[in-house]
Amino acid sequence: MVKWEGSELMILGTITSLYQIANGGLGKGWAKGFVHRYPIPAMSIALGCVSVLLPIVVVPIRRKMGLPTNQYDAFHPKTVFPPIPN
């Protein structure tokens, strides 16, 4: 089960609210027109959105695999810390 904390909700809320603001100001179909007119900035924005969403997707996967997740959420009950070499 995914545990939604403040940072994840903040990321999703920001992305959805920015989309709604653009949708309200530019009208219906603005995203399709933007992709057709400006493909390079559209791809850049898409990659930026993917990079912002990576902590929401990657950290639970790393946690399930037993890999260290302490750099993102050190206070989570299932956090795995890396082994300290002797």
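Buried means under 20% relative accessible area, exposed means over 50%, and partly exposed is what lies in between, with a 1.4 Å probe and protein chains only. This is a predicted model, where local features need pLDDT of at least 70, side-chain atom pairs count only at pLDDT 80 or more, and totals for chains, interfaces and linings use all residues. Residues are numbered from 1 along each chain as its sequence is written, and side-chain values use heavy atoms, with hydrogens and water left out.

Q: What share of the 86 residues in the protein chain is buried?
A: Buried residues make up 14% of the 86.

Q: What elements does the protein chain have?
A: Three helices and zero strands, running α-α-α from the N terminus on. Helices (H or I, at least four residues) and strands (E, at least two) are DSSP runs, numbered from the N terminus.

Q: How many aromatic pairs does the rule give?
A: The count comes to two. Rings of Phe, Tyr and Trp (its six-membered ring) pair if their centres lie within 6.5 Å; planes under 30 degrees apart count as stacked, over 60 as edge-to-face and the rest as tilted.

Q: What makes the pair of Tyr-19 and Trp-30 tilted?
A: Their centres are 5.8 Å apart and the planes sit at 40°, so by the rule they pair and fall in the tilted class. Tyr-19 lies in helix α1 (residues 6-26) and Trp-30 in helix α2 (residues 30-37), so the pair ties together parts eleven residues apart in sequence.

Q: Why is the pair of Phe-34 and Tyr-38 called tilted?
A: The ring centres are 5.8 Å apart and the planes are at 50°, so this pair is tilted too.

Q: Why does Tyr-38 count as partly exposed?
A: Its relative accessibility is 46%. Phe-34 gets that label at 24%, Trp-30 at 23% and Tyr-19 at 42%.

Q: Why is Leu-54 called partly exposed?
A: Leu-54 has 42% relative accessibility, so it goes in the partly exposed class. Leu-54 lies in helix α3 (residues 39-65).
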